[in-house]
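Reader: I have the sequence and the model open side by side. Can you walk me through the fold and a few contacts?

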Amino acid sequence: MAFDSRPRKFATDRQRVSYAASHLSDLAMLWWQPNLILEPEPSIRNNWSEFVEQLNVFFGQPDLAQASERALRALKMQDYQHVNKYMIEFSEHATHTGWNDAALYGEFYRGLAERIKDQLVSLERPATFQQLKTDALRCDSRYWERQGEKGPPTSRNRQSAFATTPAKTPGTTGATTDTSKPAKGNTGSQFGTDGKLTEVERERRRVKGLCYYCALSIDVAAPDCRNPRHPKPPAAGRATFAITGEPVATIEEVVEEPPMDSGN
């Protein structure tokens with residue numbers, strides 16, 4: 001793109017090679033540096049085709065076609081993704097496979113999200129690979145329009161899904177744990193259009209050790225939360241202490257001896 005946009009600046013192979021080499025880094029730069037000081041000057045500095053070929057030899061994929069085929073078979077569109085992202089990733093690998101449209105058609109359909117496949121059923125079966133992509137874009141666009149029409153979940157729905165009424169934690173004096181309030185710093189953006197936690201919010205709670213349901217610390221007892229990972233509250237009740245047995249007292253009896261007879 002740089003060469004096409006400025007053809008006068010990159011009119012010769014030497015200019016193209018110098019420009020591309022200036023963007024090399026790390027190991028690739030170490031490979032290129034000797035070419036700058038060798039005498040006589042190596043031909044690669046004035047030959048763009050040779051430069052590209054040598055780059056592929058040392059740093060390219062040994063079997064690009066096979067690697068691209070493996071990447072396509074592992075590619076899968078998720079329900080929360082937009083289909084255009086999936087199409088770009090698919091095209092990136094499909095270019096190097098050498099497959100015809102029939103093979104690409106089947107592989108592209110296999111990797112589509114289930115929600116798009118469900119919508120395609122109501123349409124006429126696409127006859128070409130290009131038509132399949134067009135129909136997938138249309139279904140995906142309609143799906144996200146519908147999600148926008150539904151709007152974000154109301155605060156009442158969020159409370160019923162992720163919290164309950166305030167509860168007093170056993171073992172505390174006068175302290176209450178309000179599970180209906182989200183953790184500090186949370187906002188409405190923590191929920192996606194489907195009413196579930198966004199990936200960003202899930203990751204934030206995982207890092208901070210917060211519960212996915214009530215947003216409290218996972219180390220805090222939360223008897224009203226359905227997450228079993230919260231510690232169990234101490235058993236409530238009063239302890240009764242009883243003293244058994246009778247105290248034993250020892251009394252030493254002092255016996256006074258009668259006075260001795262003086263003989264009278």
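This is a predicted model: local features need pLDDT of at least 70, side-chain atom pairs count only at pLDDT 80 or more; totals for chains, interfaces and linings use all residues.

Reader: Back up a bit. How many helices and strands does the protein have?

Author: There are 11 helices and zero strands.

Reader: What share of the residues is buried?

Author: 27% of the 264 residues count as buried.

Reader: And what share of the contacts links residues 24 or more positions apart?

Author: Those pairs account for 45% of the contacts with a separation of 6 or more.

Reader: Now R115. Where does it lie?

Author: In helix 8, which covers residues 114–120.

Reader: Is R115 buried or exposed?

Author: Buried. R115 has a relative accessible area of 10%, and the cut-off for buried is under 20%.

Reader: Which side chain does R115 make a polar contact with?

Author: The side chain of D140, at 2.8 Å.

Reader: What else is R115 in contact with?

Author: Leaving aside neighbours within four places in sequence, the R115 contacts are M77, D79, Q81, D140, Y143 and W144. Y80 is 35 residues away along the chain, and its C-alpha is separated from that of R115 by 9.9 Å.

Reader: Change of topic. What caps the N-terminal end of helix 4?

Author: N47 does. A side-chain oxygen of N47 lies 3.1 Å from the backbone nitrogen of S49.

Reader: How far does helix 4 reach from its first C-alpha to its last?

Author: 16 Å, over 12 residues, 48–59. That is close to the 16 Å expected at 1.5 Å a residue.

Reader: Last one, N227. Where is it found?

Author: In the segment after helix 11, which spans 199–208.

Reader: Why does N227 count as buried?

Author: Because its relative accessibility is 12%, and buried means under 20%.

Reader: What does the N227 side chain reach?

Author: The backbone nitrogen of R229, at 3.0 Å. Beyond its neighbours within four places in sequence, N227 is in contact with C211, Y213 and I218.

Conventions:
Residues are numbered from 1 along each chain as its sequence is written. Side-chain values use heavy atoms; hydrogens and water are left out. Helices (H or I, at least four residues) and strands (E, at least two) are DSSP runs, numbered from the N terminus. The expected span of a helix is 1.5 Å times one less than its number of residues. A polar contact is a pair of N or O atoms within 3.5 Å; within protein, one must be able to donate a hydrogen and the other to accept it, and residues adjacent in sequence count only if both atoms are side-chain atoms. Buried means under 20% relative accessible area, exposed over 50%, partly exposed in between (1.4 Å probe, protein chains only). Contact means heavy atoms within 4.5 Å.
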